[in-house]
Amino acid sequence: MLRILHLADLHLGYRSPNLYGSTEPEPRDTLLEAIAAYLNPQNAPAGSGAGKTDLLLIAGDLFDSHNPEAALVRRTMNTIKRIQDLGLAVITVPGNHDELSYRDSVYRRYEKEWPGLLVSTPRMEAPMPYAVQGKRIFLVSMAYDARYPTANELQSYFPKRSSEALHICLLHGALWDETSPPVNQRTLLLHREALLESGYDYIALGHLHQPLELQGDNPGCLLAYPGMILQRHAHDPHAGKLLWVEIERGLAPKREWLPCPLPGLEATPTSEEALTDAAILALSQEDTIPGALARCYLRDLVSTNSTVRRKYLLSSLTTAIDAYNANTVS
Ligand SMILES: [Mn+2]
């Protein structure tokens, strides 16, 4: 039995283009530190298995760019070391934002000191044996690397299982099937059916910012995207939750979604919770004097304690309201 925390698309280092002149650290940049604290058995929520995790998988786009600030890289590596000190194995695969191909890519600059296993092979080879808490598992993984022309080909070959030991597949890419529209971005294209037929025990993916779970051909096989925890902008889908999976050969995996432990982060509405046209109509009919009140709804805003962000938001609103008044009040 193996217990996995599956992360992807943290996008550490993302800076909102609206935050002119902000020098405060973004809440996002402390995301991995908050997760590390949560993995400590003393802090894990009662009844959850978070404090008994064996393996941390980072399925790409850990950083928002291929060359994040050195201080952020240092902090991130130190946090991964702290996670290792708690007894977890850590495996990282680059994504398409923190891509490996660039000469100044974070994973090329820090390759030698990167804690845990860093996947840099540009193609899927035979399942690689890897020890997690004294148990032997097999890993199937590759990194998108634009220096290799095969990176842009549809990936439909997934190596066969080597044994009855647990097989984990870790990739950053988009699922492709015959109905998919063409994709022009630099990212791996993964043949959906071939991947689901691979028979691996767990297929940990990153790239899609919305959570997705698919059942593989055998009942013990699960494919999952954890989705993004903290959105970058208003229309970036996100889950706000952490995905834990418990896998055992031949048994259906157990999933546990836990709230993100980032302090000061309040729940933001998911796209399902966004107001529908019917809901807006119903609300407008509650106005006692029709048309006397313009309602303004703020959606998808990341809650923050940052005074810079608040000031920026307030000045934007004031400008919008002044413009509204100038146009409607005469
Ligand atoms: Mn991403």
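**Figure 1. Confidence across the predicted model.** The average pLDDT of the chain, the predictor's confidence in each residue on a scale from 0 to 100, is 84, and 81% of the residues score at least 70. This is a predicted model, in which local features need pLDDT of at least 70 and side-chain atom pairs count only at pLDDT 80 or more, whereas totals for chains, interfaces and linings use all residues. Residues are numbered from 1 along each chain as its sequence is written.

Figure 2. Where pLDDT is low, the predicted coordinates should not be read in detail.

**Figure 3. The loop around His-11.** His-11 lies between strand 1 (2-7) and helix 1 (31-39); helices (H or I, at least four residues) and strands (E, at least two) are DSSP runs, numbered from the N terminus. The phi of His-11 is positive, near 50°. Most residues other than glycine have a negative phi. His-11 is buried, as 25 other C-beta atoms lie within 10 Å; the term requires 20 or more such atoms, with C-beta atoms placed from the backbone.

**Figure 4. The loop around Asp-61.** Asp-61 is found in the loop between strand 2 (55-59) and helix 2 (70-85). Its phi is near 55°, again a positive value in a residue other than glycine. Asp-61 is buried, with 27 other C-beta atoms within 10 Å.

Notes: Buried ≥ 20, exposed ≤ 12 C-beta atoms within 10 Å, placed from the backbone.
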